[in-house]
Every structure is written in C-alpha cells, then in structure tokens.
Amino acid sequence: MLAFAALLSSAAACQGGQGGGVGPADRLVVARSTDAVSLDPARTNDIESLEVAEQVYGRLVRFAAGRLEPEPDLATSWTVSDDGTVWTFELRPNVRFQDGTPVDAQSVVFSFERQIIPEHPNHEPDFAWTRSYHNIRRVIAAGPLQVEFEIDRPYAPFLANLAMGPAAIVSPTAVRKWGHEFGRHPVGAGPYRFVEWIPGDRITLERNPDYWDQPARTRYLVLLAMPDSRQRLQALESGAADVIQQLAPDDLQLVRLHPDLRLVMTPAALVSYLAMNTQRRPLNDPRIRRAIAHAIRTEALVKLVYQGLGIPAIGPLPPNVWGARSDVVTYPYDPAKARKLLAEAGWQGAREPALKLFAPSASTQYMPSPERVAGVIKNCLAEVGINVEVILSDPADHQRALWAGEHDLALHGWFNDNGDPDNFLYTLLDSDNTTGSRPSNIAFYSNGWFHDVIGMAQRTTDRTERERLYSQAQAILAIDVPWVPLAHSKVVFAARTNVRGLVVQPSAMGLYRWAEHPP
Amino acid sequence: MSDTPKRKSDRKAETPSSGARRFKSSSGNMGASAIYRQPEWLGRGSSGWSLPTALPMHRRGLRRRLSVALVVAALGPVIAVSFVAVALIFSSVEQGIQFEAERGLQVARGLFLQQVQEVAAGAVALGGDQALLRAQAAAQTSTARRRLGELSVATPNALFEITDAAGRIVARCTQGTCDELLTGAGRAGLEPAERSPVILRALDYERTVSIESAHDRLVVRAALPLVDPALRLLGTAVVTVPIDGTVVDHLKAALGAGREVVVYVGKDPNASTFMAATGARLVGPTLPRNLHVAALGVGSSVVPLEVDGHPYSVAFGQLQDVNAAAVGLLGVAVDREPLAAAQSRASKALVFGAIAALVLAIALSNLLARRMTKPLQDLHAGALAIARGDLDTNITIDTVDEIGDLAEAFRIMTRSLKENQEGLAARVRELVTVHQVGRAVSTVVDLAQVLRSVVTEVLAVLGGKTAAIALSVGTEPAEFVVRAVAGEPVGERLAPLAAAVAGLGRARRTGAVEADPQLMEQALAAGLRGPVIAAPLTLKERLVGVIVVGRLGEAPFGEADLRLLVTFADQTATAIENARLYTEVRAFSEVLEARVRARTAELETANIEIERALRELGAAQGQLIHSEKMAGLGMLVAGIAHEVNSPAAAVQGLVDAQAETVRRLGHCAQALSALDLPPVAVARFFDLIDGLLPEMAAAPLLTSIEARQQARRLRTMFSGVDGAAEAASMLAEVGGIGERVAPELRALAGEKSPAPMAGYLREIAFLARTSGTIRNAIGSIRRIVGALKRYSRLDEAPLERVDVHAGIEDTLVILSHQLKYGDDGVKVERSFGSLPAITAYVGELNQVWTNLIHNAIQAMDGRGEILIETKVDERDVLVTIQDSGPGIPADVAARIFEPFFTTKAKGEGTGLGLSICARIVEKHGGTLRVDSRQGCTRFEVRLPIDGPPPAPVAVKEARVGSWPSWSSPGGPPASSSSSPGPASKDRG
C-alpha cells in the first residue's frame, strides 16, 4: 500500500511538473515594443538593438548597475598619460569570446579599427558610429593584453564613451566569418550568448557559462517583439512574459493595482527643459529669465503631464548621473517675485511683443504632451504679464527652427549618451555648441567662466576634480538660468512580482544578468 | 499410494502444533511477509542416527503459498495499475479544476481592473469638463453642483463628488440626484469620500484610481485634480463605484457557466454571484477560519469551499489598493459537484471491481495451485514413507515433466538406499567392535593389560573358544612367547603355531585346522581343532607377534571375521608401540620438569629487573619532558633578560643622570636668585619654562656642528653681556628652543648675566627629555613582562577563547632577541587573515608557536625570512609558519614528530619539541603537518575553532600507556599518532 502511495505521488508530481527540459524558471521572457534592427554594435543605434548588444557583448568598461558610471569590464585597469592623450588599458586575462576566440589586445584593436578606419576590410559604409570616434587617432596593441588609445586632445569623458554600446568588443573570428551578416550572428564576451533570432518575433539568448563575472542567473533570455502595448500587458498578466517594456501611461494604474505585477522604475539619463534664447532681447536679461522660472508651476506641470513618470528637474543632470548637484539656487513658483523681477528689468507687460514658444506637435521621447506643456507655460506666463505665442510644428521642423535660432522659448530634451556630465553640460550649454549648422546649445548660452570650467573638466581625468568643476558649472547655470529645467523622465518596466534581480539602467535598457524568478 | 482423505486426517491428528506454527502470518498478506519457522521434527532425531518416526503425513503449505503468490502476481499489478490510473485521473481532473479556477481568476481580475480603469476614465472626463472647471474657478458651488448632477446621469451606479482645493466636499451626485438625499442614509458603499487617500493624492496634482474599503464595503474610487489652464488647483473630482452585485455579475458573464465570482472586503464577504436555493443572492461564503489571507498573497491559491451545501473550488487573489496594500480578495469558484460525483462513481467501481477480481483470482489460483501441487504431494507422501523406512514404497507418478523425472529419480534412489542399508548394518557392527577395542588399547598404557583386553574383546566379538597373543622375543629366527590368553588356556604350546603364522607373513583363515597342511602340525600341538584364524602383528613392517583365535570345532570363521582380526592386529601392534613409547616419555618428562622449574626461578628474577628498569625509564621520560619545558623557559628567560635588561640599564643610567641634574638645578637656582632680578622677570621666566616643558621633552637635539653654529649665533646675540659664551653654549644644548627663547632671556636678564637662566633652562630641558626616555623604557619593559605573563600561563590555563594572533605576537616579542631585525637577522612577514577566537589551552598553544618559530630561526641559522600566515578554513583556523631554511632532508623524513628524535648535537635539545607540538595540536583536535623542500619549510597547524572534541579520556590514556601525562590537568593526553609530514629533518 505504501508503495502504491509513493507511486501515486510520484506520478502526480510527474504530471504537475514539466517532464524535464527547460522549465519556466530557466527562462526569462521580456516583451518589448519593437524588434532589434541589427546586433552588430557598429550598426546599432536603436535602443532595442543596443539592449540585446548589452547582453551579448563585453566592453572595456561597462556602466555599473543602475548608475551611468564606468566600471571595469574586459579591462581590469587603465591609466592616462600625463598629457591626457594616451589611454592605456590592461585587459582581463583568460577571457574568451563565446566562440572560443581569446579576448586579447588584437581583438580590441580590431573592434575599433573596423569602425574608425574606412579602409578596414571589415568596415561597412552603414556603420553608425564612425563619426563619434573622430577623436581617436590610433588604437595600438601595446602587449598581448595591453591596448593604447591615442586621442587628439585630453578628453576625460572618453572613458564613458568606451562604456557605450558601439564600443563593444567583437570576436574578430566571427566578424571575418560572417562579414556583413555578423549583425545576425553576434559573438561577444558578454553574459549571454546568441542562440536564435526570428525577426519580428523573438531573440533568444542563452547564459554564457564562461562569462568572466558571475554567470547569468537564468539560463535563457527571450526578447519578444510585441508592438501592441495592451497585448504586452496581457502577456505579463498571463505569465507569458516576465518583464515588459514601454508601458502605456494609462496601464500604470492597472499594474499598481495588480497583486501579481509591479513597476520597476529608474530615472532615465534624460532631461526636458524650456530653453530661453539668451542672445536675443528680451531674454538676454537674466532677470527676465529668472522671472519666467519663478512664474511657471513646474512641479504641478511635471506631475500632471508625466503622470508619475517624471521627476521635476533642478538642473540639467538627472540625479543618477554622477556629479549631479541638488543644492543650487532654485526658482520655485512665486508669481509675486516674478512680477518684481520683471519690474526691475523694465518689463512693459502687455505692451511688449509676444515671446515665441516653439514646441513639437507630438509626444517625444522626453516629453509626453508638449502641446499641453506649452499651453500651461503660456497661461502661467500670462499671469505675470508675459505674452507668449505658441508655435507647434512636427518634431523635424521643430528641430530645424531651433537650429536656426528662430525661437525665444523652446521646449526641448536630451537623452544622454554616455552618462558623463560632460555629455549634458558641454553639449547643451557650452558656447562651443552655439555655432554651426546644428547647434546643440539652443539657448545659445555663452558664459566664458562656464566654458573654462567645462574645458578644465574635460582635460583632467581626476574624478574628484571633475566633480568639483561640474559642481561649479551647475552653480553658474543656476544663477544664469539659460533654461527652466522641467523634468527627468523615468524608465518604466513592469515585471511579475516574483521576478527578482531585474536592473533597469538609466539608458532605458534592462540588465538581466541577476534576474531570476522562482517557479 | 494411500488415499488422500485419510492422510489429511492423519496429519490433523499427528501434527496439529507443527502445522499451526509453520506460518506466522501478518494479517491478510501471507505470501510476502510470512516468516517461515523451521518445524521441530527437522532437528529432532527419534533415537541415535536412525529415521524420524513422527513425520507429518501431508501438507498444503506449498499449495497455499502458490495460490497466494498467484493471486498477488495476477491481481497485484492490476490493482496497483488501476489505483494509479484512477489517482492520476483524479489528480488531473483536480488540477484541471484548479487550473480552471485560476484561469477564471485571471480573466476576472483582468476584466475587473479594466472596469477600474473605466472608473478612472470617468473621473478624467470630469476633469476635462470646462463648465465644471469654470464654475469651480468662480467658486460657484451651486453651478458646479448642477453641472455635476448633469454629468452623473450618464453613469448609473456611481457617485460623483467634487471637493474644493482644501479637499472639502462641495458637491455629491449620483444619477442626477445631488446632495441632500445622499447625506446620512446614503446608498451602501457610497458614503462620502472625504479623507480618502486618492483625494489626498489628487490635491497633490496626482491622478489616482484605487480599490478602497469604505465603511466595510469595497469601492473603486478615482480622483484627479481640477486645475485651470495655468494649473492652479481648483479642487478635485472623485468618482466612486461600489463593488456590488452588478460588478460581480459582469465578471461572471465573462466567465461562463459553472463559475461564480465572490469579492471580500478584508476577510468578510462583500458581494457574490452565488444564489441560495430560494433564488436570493448570497453575499458570499464565509472564509474558513484557518484560511490565512496574507498567505494568499501574490498569485492565487485554490481552496475547496462549500457554499449552501454545494462544493466549489475557489481561486483567491488579492485585491490591493494603490499602495499595494491588501484590501480584499477576489474569488472565482468552480463547481466541484460533477467531479465529486465522478470520483464517487469511480471509487465505487474500483472497490467492487477489486473485490470481484480478488474472489475470482483466489478461486482460479486455488484450482491452479491444486493442479500444480498434486504430483508434488504424491511425491511428498512417497518420500515420507521412505523416510519412515518403508523402502518398498512405490512412487507412481508418470507425468512427463520435472516432477515425473523427480519421481523416477526417487525410485532409483530408494533402490540403492535399500541395498546400502543392508551393507551398512554389517559395517556398523564391525565399527562398534573396532571402536571398543581401539578405546581399550589407546587408553591403557600397560602392555600386559592391553594384550589382555585385546584377547578378551576379540574372543567376545568373534565368538571363539580361545584367543591368544604371542610376542616375538630375541631376533632371527623368531621365537615367540605367549603373552595373553583368553578362553580356554593354550599356554606355551601356541608358540610354534605363532612362529608358523609368522612364517606365512599374512593373516590366515582356515575352516578346520586339522586339514591345513601348513598349520596342522603346530595347531594340533597347541591343542587347537576346527576353525582357526590368525594374524601377524606387524609394526613398521617388523613382525612383533601373532594373534590367534580358535573355535574348537564350531562354525567356521567368515571373511569379515578375518578382516576384523587384522584390524585388531594392527591396533594391538600400535598399542605395543605406544606402551613402549610411554615408558620412554615418562622418563624424559621427569628430566624436563626439573629443568623447567629451574628456568622459572630465573625468569622471575629477570622480571623483577625489567619492572625496575621500566620504572626508571618512565622517570627518565618525565625528567626529559620537564627539561624540554625548562629549555623553553630558559629560552624565554634569555630573551626576556636581554629585552628587559637594556631598558632597565638605560633607566638606571638616566635616573643617575637625573639625580646629578637635580643637584645642578639647585646650583642654578641659587645663581638665579643671586642675580636679584625683579620679581616680574623671575615670574615671567618660570612661566616661560612651564610653557616650554612639553616641547622640550620632544625637541630633537642638535648635531654638534649645528650646536656649535647655534652657540656662535647666540654669542653674537648676547654680546656685551656677562657670561655670554657660557649662556650661549648652554642654550645650544637645549636645541632649537634655545635660540628661540634667547632674545627673551636677554630681555629678562637686563644687564645681568643670562647664564644662570640658560643653565636652569638646560637642566630642566634635560629632565624633560630624559623623563620621556624613561617612560618609553618602562613602557617596553611592561610590554615584555605583559607578554611573558600572558605567555607563561602554561599548564594552569583552562580551555578558553583564545586570540591566535595575540599568542603569535607574544611569542614573537619573547623571541625577539633571536630575530634581530635588520639586514642580517630574521625577517618576519605576517599575512594574517581575520580570525575568530578559538577554544584552546592558551599556554600550550604558545608553546607550539614558540617551538615552531624557534625551530625556524635555528633552521635558518638566524638569517632568512619567516612567513606566518593565518586564515580560516571552514571550521578550522589554519596557521602556517614557513621559513627559508635549507629544508629537511628526506632521510630524516617521517621521524621528526617522534619523541627523542633529534639531529642536534647531544645536549642541544631533548628531541621532544616537535613531538610535544604534535601532541598539543592533536589534543586540540587539530593536525600538524610539515612540508619541506630546499629553501622552504612549512609547518601547517590546523586548529578547530570550536576547540578540542570531547575525547574519551579513559580510552586515550590507556592507549598512550607508559607515556607520562604531559598535558594540563583535566585535559586528555595527546595520543602519539600525530601525522608526520612527507619529509623531515629533526627540528625538535
């Protein structure tokens, strides 16, 4: 009888469990809105492709979990020459690509040269990042495990650039074997190895057991392409997906109320702002700029428009970018003070010509409904006696108008590339970037002191010193007010409650190495 | 073949007890667990070796077992498989129901959350209503209320509210009805939403929808801020929908037949789709008391629940508010009745089927077993008959199978058994006689008595009239003397017959001796007539005598009689030899005994000597161990003496110097007062000195060149004043401070000589400086004494928590005089891991460190490097002491842990050091290993963190035997089986 019972229970257990093979706990399914384009890091510039590349490839340095800060990856250490132009990296010994090719100085040189030298046999004309590496003069294998980068001038953010997707180290063997098709057969030294790609449907990755760091917790990582957000949410509810990305704002409530689901959020490396044209009357007067900052209900605006998916910005740097400073002068909503400042500046009220506020007509990555934001700003400014004319145009025209400097006020935003403060402060606010056909400093803000500080920070590689300089730069901005910083959006993933160890990067990519979900 | 019924009754009559005992059955299952007990008759002979008489006549054990086996074999798998099949079906159906319930829950929850979103959308519509916003902005409450009423018409079953910017409700409407009717006795679930968390969030510009418990009812409540175009907060709009029958009906509609939906607020039923038999809606089943709501938690769990006497499986999932706090449960119930009915039917079918199959199987197997065992039983009966001795029994089994073959074999066996038995009976008789004779001749050693008993026995066995033995005397030609006669006397006349038989050289049987041509004459001479048998007695092919038996005209002897006589003859010959040997042996043994006595006396003396020697050896060992301890202490004392001596000498010197200084200070004070300076200046001078005291203690002294240069500068400064040179040179001795205070001294002195002040300052500075030095010296003495104190707690320390690093450091302090840091000394590298305190005898451990480090220093001849590494390895602490010495040669390998093994010159060491280390370590439950090669010798000490295991003291003591106990009182002595390393040189 006992034997019968044992037989019964084992039979029942067999029925209940999976009959061997891959159980759901061995597989993490992530549903995303679109499929990747190419898995060749030299080609990828869409977030979906970059996210896959992030799992497959190793780089010399990688961004630390949850922070945009470089940490050792395939390089164990690095030094910079005294003149700041030669970076020497020591490579991690005994690391192999997923195809068995050793990761050595030659493979690093190969990975960069094929991107930066157009004559390289493995260069392709559609490589997306060639221009980004214009400051690299040479990449040299100084030893079997030592690589030297020679750059044209001292440039501290260089390290952060090497942590970005296109700086992935690829297997030269695989690139030579697959040539143009490498993007469909990626081989790197990352935590996952490529298994299969059914275009438009799914990409399957498997744990790389030889990853130099702790191997991934879950064996298979499946990235589904599911364009319909409702469908993604249903997949998550039913357990068909463990993690979903690009949640529709209305569905946030549902996820919050659903006991099996939870939101995983992190501030993105992104800022949206109201730029003021500092080179034109009347906004060349900082008093008027300060008055505008005081006149707008920024906090309410962010809450209402971003619906919990944004945090009010204090300055250009999101709080999770290193060097971000929160103790600068701020301009809280205070219409009385705004009116006082305007009076001091001799503002004539209704008699003044209307300020032109340029806004994109459709939602952008950095702002959900710019039209509404523009409307609020117009109404807020009207209350203190500033007339605003809102000019809506489609994003491309909007961008062109800003380049041309046609605006007094403009809604704009920036998605950071490499997590380095320089990428915000220099790109968006340095006087170097007010000229040319595509100026990225659309406030046309020009301050010699600020320029010097930013330049110094670029030339020194000492982290503490750079932090000190960026702190100064942010204080300068807070006084000069070239922008009214609006919001840092949050990256939102939804996951099933039992998924643990999911890390969402400020770059809007997931890190799945630590993710697991007990059955 | 006897008939079966009769046998049956016989069996009953004869063996009731054995039959009952043969099986001890566990109830029901006879075949598998029956314990077979050996029947008594198997071990019980009736008499001697002969056949058993009380045999059971007939058995059915085999048949019963066979039929049980058949039943089990045929039915067991069938029943097992059907049980498994039914159980699998049940469990899969059960799982199916669970799955259905869970899936239903998933669908219901999705749908429910969609409804929640719709409520939220309703609130959003309110927020976008321009008329409402205008009324709010203008604070026209009645307009706002009217507009809210209009808006509420479209959405039945919902409560619409608006608040002002402070969160106070200014209007409440449902289906076009506003305010008054709603206050107080409003509809259940539509109580005012004041202080609801969603409103508080809306006041902070946040749009929120949540599931809330309002007055013990569950509601969906959405709120959003009402703002003007410049985002000025005008108030909030709130939409509340009760989760009632309408909602659950809606959910049920999506789920289909046989499914019910129930909603709980907390653990109390809130609304359900269950109907009572009367058709009335039930609010929902009460949750079982033992159902833990929090345990339902995430996901869902399926619970069997009875509602109105009807079984359901209910999948529960939590309902949570916007803060993810549980507010209630959503349950989807699946009707279990079809399953229950099916289960009951299947169970019944299974039970009846099993019973029927069992009955059928028993009947069939009984029949089958009977058929199979019939021939076996016949065979059994035949075998029993044969066993009883009825060898004429005929076994008539003619089946052509293995049993038939067996029966045939039985028949053949019976025949040969019968033949053998007859021969056996004759042989037995012979054997008995031989045995008796043999016993007689082997137990008696007196020859005459032997011969006498032989002839008596022979006569008795062979049944003659006379029997005689004649033995040969002298050599060739043989002469015989009769030595024993039984029966009628034949006397000396037998001798010629004996000679004649001897001449034949073999046994002789004759029917009538008168007719025997070879013996006739001698037989007649001996007075013998009729049948005679005679056999020569030979021993190792030598003729020693003759035995003759005569019947004097009776029946002739058979061949068997002759064979017997030959046997007697052999035994008699042996007996003759035995008797001779015995005589010799007795003589020899007497000599031997005398010798043994002598030897025993000698041995006793020797034993006493040995015991004394052992006692002395024990004492010597104890002495040696004591000297090892003393040697260690000596080493200590040498180090300590040196270490303590230098600072003590320094202190002595300094104290002497200070005494001298104090004396000089007196002189200076006199000189100072002789100057007769103004009191203000004197006070200022002493203030100055007080202020400088700490600095003076630490001020570096100047080199002589610097001092001369400074003196020169000071002389210039003091130029023109009395005693300038003197003051300058004295200030130069004070160092940099001298030059600093010089101007002030000059100012204080005025026109008078600054020399007394400078002198005073110099002496004070000296005192300050030397006091510091004395403090340092005393500090280092205290450090050494402290280490010694801790270190020397050798034997008396109990087990305690010990810091291994502190012990090593103390040891290093104590051995520091041997280390001599510097280019030429021993450099100690520490690579200490983080260690917990371990349980140990601190003094003994210190002895281990001392021995190992001391050995290392000696092995390196005082020059080289010692690396001390510590780390934790699982539950052990690992200490390795590694030196750069020449290593241990292989030929000394494996012996360094032996006691008294040393390679040092006589007198340098006891050879006990390492063996004691090994004992100490082992006593702590650890191991000591050595690993040596050229230029690197590592001793590895492994000690358990938790201390020595509770050792069986008595046993261990017995094992080490004569080894004197060396360890502390109470601790078990270490055994001698330490584990020596692979290579060694003595270092002990």
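**Ground rules.** The model is predicted, so I keep in mind that local features need pLDDT of at least 70 and side-chain atom pairs count only at pLDDT 80 or more, while totals for chains, interfaces and linings use all residues. Residues are numbered from 1 along each chain as its sequence is written, and chains are lettered from A and ligands numbered from 1 in the order in which they are written.

**Where A touches B.** I looked up the contact between the chains first. Chain A puts in 31 residues and chain B puts in 29 residues; two residues are in contact if their C-beta atoms, placed from the backbone, lie within 7 Å. On the chain A side, H1 (2-16), H6 (229-238), H7 (251-257), H9 (298-306) and H11 (370-383) each supply at least two residues. Helices (H or I, at least four residues) and strands (E, at least two) are DSSP runs, numbered from the N terminus. H1(A) gives the largest share, 7 residues. By type, I get 13 nonpolar, 11 polar and 7 charged residues on the chain A side.

**H9(A), buried or exposed?** I found 8 of its 9 residues buried, so H9(A) is largely enclosed by the rest of the structure. A residue is buried if 20 or more other C-beta atoms lie within 10 Å of its own, exposed if 12 or fewer, and partly exposed in between, with C-beta atoms placed from the backbone. Among the buried ones are Leu301(A), Lys303(A) and Tyr306(A). The buried residues pack against S14 (310-312), H11 and S18 (483-496) of chain A, together with S7 (217-227) of chain B.

**A sheet in chain A.** I traced an open sheet of 4 strands in the order S4-S5-S7-S6, with antiparallel pairing. Two strands pair if DSSP finds at least two bridges between them. S4 (75-80) and S6 (136-143) are at the edges with a single partner strand each, so one side of each has no neighbour in the sheet. The twist averages 20° from one strand to the next. S6(A) and S7(A) (residues 146-151) run antiparallel and are joined by 6 bridges, and one bridge pair I picked out is Ile140(A) with Glu148(A). H3(A) (residues 105-116) lies across S5, S6 and S7 of chain A, at about 165° to S6(A). Axes are lines fitted to C-alpha atoms, for helices over the stretch in contact, and angles run from 0 to 180 degrees between N-to-C directions.

**On to chain B.** I noted 25 helices and 25 strands here, and 33% of the 988 residues are buried.

**S13(B) and its partners.** In S13(B) (residues 326-335), 7 of the 10 residues are buried, so the strand is largely enclosed by the rest of the structure. S9(B) (residues 259-265) runs antiparallel to S13(B), with 7 bridges. S12(B) (residues 310-320) is also antiparallel to S13(B), with 9 bridges.

**How do H16(B) and H19(B) pack?** H16(B) (residues 679-698) and H19(B) (residues 736-749) meet at about 175°, with axes 11 Å apart. They are therefore roughly antiparallel; angles under 35 degrees count as roughly parallel, over 145 as roughly antiparallel, 65 to 115 as roughly perpendicular and the rest as oblique. Phe685(B) and Leu688(B) are among the H16(B) residues in this contact, and Val741(B) is one of those from H19(B). I get 8 nonpolar, no polar and 3 charged residues in this contact.

Tyr205(B) is not a glycine, yet has a positive phi of about 65°. I found Tyr205(B) in the loop between H7 (197-203) and S6 (208-214) of chain B, buried with 21 other C-beta atoms within 10 Å. Glu874(B) also has a positive phi, near 55°. This residue is in the loop between S22 (864-873) and S23 (876-883) of chain B, but Glu874(B) is exposed, with 7 other C-beta atoms within 10 Å.

Methods:
Nonpolar A, V, L, I, M, F, W, Y, C, P; charged D, E, K, R; others polar.
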